[in-house]
Amino acid sequence: MSFMKNTDDMTQAITFTGSCLCGQVQYSVTTEIEDFYLCHCQQCRKITGSAFASNILTKPVDVLWVSGIEKVKRFDYPGKRTFTKVFCTECGSGLPYLNEKGSALVIPAGSLNDAPVLNPKNNIFWNDRAEWYESGIEAQQCSNFAK
Ligand SMILES: [Zn+2]
Ligand SMILES: [Zn+2]
């Protein structure tokens with residue numbers, strides 16, 4: 001992944017590389033960042049199995065699947081608000097996808113090989129956050145497993 005000098009300048013195209021956990025799916029995508037948010041809505045919690053989804057939103061471009069394209073599956077949740085998950089059929093890890101309108105590419109930040117060049121800007125759907133989210137942040141910090 002290439003780094004920008006000025007992290008406030010999001011008009012520069014960046015190359016992101018990432019993979020699923022099992023490593024069969026590898027991707028590369030070069031695009032401009034538009035947002036980086038943590039979404040706490042119930043659907044994002046369900047779809048990630050975690051407290052929130054961490055998504056980088058970029059200009060819409062095609063993802064270059066470096067390997068494992070045959071393992072890439074898309075799920076579009078039916079309904080008014082659209083939710084999509086693109087994932088590895090082997091290990092279930094989330095991968096980048098174009099939203100249904102085709103207006104944005106969504107990159108799950110946890111799928112990146114390197115830390116993204118900017119920090120999250122917004123906690124969206126904050127009022128829907130998991131009741132245990134804030135107490136989780138305050139919980140004891142352990143360098144590996146809890147004793
Ligand atoms: Zn995988
Ligand atoms: Zn959400």
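Modeller: A definition first: two strands pair if DSSP finds at least two bridges between them, strands being DSSP runs of E with at least two residues and helices runs of H or I with at least four, all numbered from the N terminus. This is a predicted model, in which local features need pLDDT of at least 70 and side-chain atom pairs 80 or more, while totals for chains, interfaces and linings use all residues. Residues are numbered from 1 along each chain as its sequence is written, chains are lettered from A and ligands numbered from 1 in the order written, and side-chain values use heavy atoms, without hydrogens and water.

Colleague: Which residue in E2 stands opposite Gly-18?

Modeller: Tyr-27 does. E1 and E2 (residues 26-31) pair in the antiparallel sense over six bridges.

Colleague: What is the strand order of that open sheet?

Modeller: The order is E1-E2-E5, with antiparallel pairing. E1 (14-19) and E5 (64-67) are the edge strands, each pairing on one side only.

Colleague: And how many helices and strands does the chain have?

Modeller: There are two helices and 11 strands. The elements run β-β-β-α-β-β-β-β-β-β-β-β-α from the N terminus.

Colleague: Cys-41 interests me; why does it count as buried?

Modeller: Cys-41 counts as buried because its relative accessibility is 0%; the limit is under 20% relative accessible area, with a 1.4 Å probe and protein chains only. Cys-44, at 9%, is buried as well.

Colleague: What coordinates the zinc ion (ligand 2)?

Modeller: The SG atoms of Cys-39, Cys-41 and Cys-44 do, at 2.1 to 2.3 Å. These donors (N, O and S atoms within 2.8 Å of the metal, or 3.2 Å for Na, K and Ca) exclude water, so sites may look incomplete. Their spacing along the chain is C-x1-C-x2-C.

Colleague: Lastly, what does the C-alpha trace span along its principal axes?

Modeller: The span is about 40 × 40 × 35 Å. Of the 147 residues, 35% count as buried.

Definitions and conventions. Buried < 20%, exposed > 50% of the residue type's maximum accessible area, 1.4 Å probe, protein only.
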